[in-house]
Amino acid sequence: MSHNISVSVSLRPSTIDSHTQEAVSSIRKMEHECESLQLIDGQGNFNRDGLQMFVKEDKLANSGISYAVVSIMGPQSSGKSTLLNHLFRTKFMEMDEMKGRSQTTQGIWVARGAEIEPCTLVMDLEGTDGQEREDDTTFEKQSALFALAVSDILLINMWCSDVGRENASNKPLLKCVFKSMLQLFGTRRKLTLMFIIRDKSKTPLDMLEKMLQEFIQKIWKTIPKPPHVKSTQLSDFFNILVEALCGPNEKDGRFELEVASLRKRFFYSTTSGGLAEDRSGELVSNVRCQAITEKCLIDFRNKKLWCELEKDAKQGATSTNFGRKIRYDTEASYFDEGIASAKRVTLEQELLQLVRAPVFSVLENLHRKIIEDFKEVLEKAMVESESVAAAVTRALSFIVRFDVKLEDAEVPRADWDTSNIKKKFLSEMEEHIKSVLMGKLRRDLEGHVIEALERADEHTWCQIKEHLLDEMQQIDCVFHLEIFEWNQHRNELREDFETCAKKWIKSEASQAAKQAPSLMRQRFGKEFNSGLAAAGWKGVDGIKEIVRQARSASLKTLSVMAIERLEDFHDNVEDTLSCFHDGLNINGVPNSTTWDGIPPKYTLITPTKCQLLLENFWEETEVVSDTTIAVLYIVIFDIDDGFDVKR
């Protein structure tokens, strides 16, 4: 559906009044031309220092809130700078046609219009569609957005021959302008968009107007619009005007006459009916509310208490009252409610952003301090408490303490998400508790396993499993406490702990298995001496029986060491090793790396290794037996070191 755009078109008549003749004369003399400043260079760098000097030297502050900003956009080498110099008596650099048509204006330049009220700032933007930037339109889009944000009047310089052309050079420019305005929708007033048709032809005015309407409307329809501005019209954003000028090279001087007449339209532009009338009330509110906002920020930063609080946060403070320091000056209530409200939101955001880092530093300090206290109390409770669960429960009071401190440190109206801090705090507590539990489990198991394996009897692995079960039951009591998120993965946690526990037990058993020969000698020596002491010397048969019983006990030690028995399964390791009691049948042990019916992962000493150990052990104990029989009472056994034959 087509929407009409209200367009005001005026072509300057050839009959010019006396006042205009004087203005033309003044333009030709250019006696009061104003120097220009490059506000933004071709790389997009903002000339802050230059702008401050420009404001100071031109005494712009004396104009107060009474000023207007005019910008011009258009294709490169279309005479934009020349038009501004004639309209506002500025000194923007113009293209020298004798040197060819190339880029003259780079970036964005600004100057103050001469002898015009109110104070009028004029911005000359780099031309579009230039070969210097090739296909890169980034700067073009950024400069358009900047111009729309600060200007009251935007001039679009276009050739008369481009009006109505589908592929006219102004088409991408207007697309850029319209898209940029959509980005600013709801944040600024309507803008006066004045089309300057250059080098007008003999085409009738009404036809130019119609073609321009269709041209602009067609471009507007092609612009993708966000849902919240889908139904808006071009007239919601722009007050559209059209002016047409003849070429500057006309010998009859008509260009100067028409420009002089157009210049008058920029006088008193901020008054009612002026080109920038929409800025007056809004401008005052914006300027004053912005000034109040900046004053509040300066006052807040300079307050002694704020400086002390910021210093304390850096030095490790764990509490603060930042929230009671944020205020908005009530002077803003005298101005436009919408603008005052928007500036108030901006002030709050800036103040909150200012205190955010110190507040979060305080929360981090609080987090570290309570974690340190928690670790200290937990360690003490582990020593004093009868159960692990009781010790952990005592330490968990720190969660309540952290919640209270976290609430005290919150800043009113600050929509900050502190949940991650709480999650990190709980996570560290949880990890520390698990670390403490894991360390205790390992210490308790390792000590018990070493002691049980050194005894190495038929009850060894049953005792180890019972002790593991007792330890895991204590761990389960902790995991059943209503804390953290353990309930969601309690079984996984228990499985992890039990897996680690079994890994440690196997590690200790593997180390003990390496000491099997020594443990077997100690066991043999102990049993042999014990047998002699109990039975006395009963001849050769008596000594051989004692040796047989001592060997049997030593084989029990080797059987215990040969495989890990944490899982419930039946094995015949002891029976296999016991074959040595019947006729000293050493070949009874299979020459293999695995035990019959036992998964390889449970093997600590392979059958082949056992056979080698037994062969050596058999030879050593046979010497003991023969020597004892031969020398009788001369044999002395050292129980601590195994056995030693002294003559």
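Helix α7 (residues 254–263) has nine of its ten residues buried, so the rest of the structure largely encloses it. Among those buried residues are F255, L257, V259 and R263. Here, buried means under 20% relative accessible area, exposed over 50%, and partly exposed in between (1.4 Å probe, protein chains only). Helices (H or I, at least four residues) and strands (E, at least two) are DSSP runs, numbered from the N terminus.

Please keep in mind that this is a predicted model, where local features need pLDDT of at least 70 and side-chain atom pairs count only at pLDDT 80 or more, while totals for chains, interfaces and linings use all residues. Residues are numbered from 1 along each chain as its sequence is written, and side-chain values use heavy atoms, leaving out hydrogens and water.

Strand β5 (residues 119–125) has seven of seven residues buried, so it too is largely enclosed. C119, L121, M123 and L125 are buried on one side, with T120, V122 and D124 buried on the other. Strand β3 (residues 67–73) pairs with β5 in the parallel sense over six bridges; two strands pair if DSSP finds at least two bridges between them.

Now for the salt bridges, each a side-chain nitrogen of Lys or Arg within 4 Å of a carboxyl oxygen of Asp or Glu. The structure holds 25 of them, including these:

| Pair | N to O distance |
|---|---|
| E498 and K502 | 3.6 Å |
| E574 and K556 | 2.4 Å |
| R565 and D571 | 3.1 Å |

Both R565 and D571 are buried. Salt bridges also link D476, R494, E498, K502 and E567 in a network.
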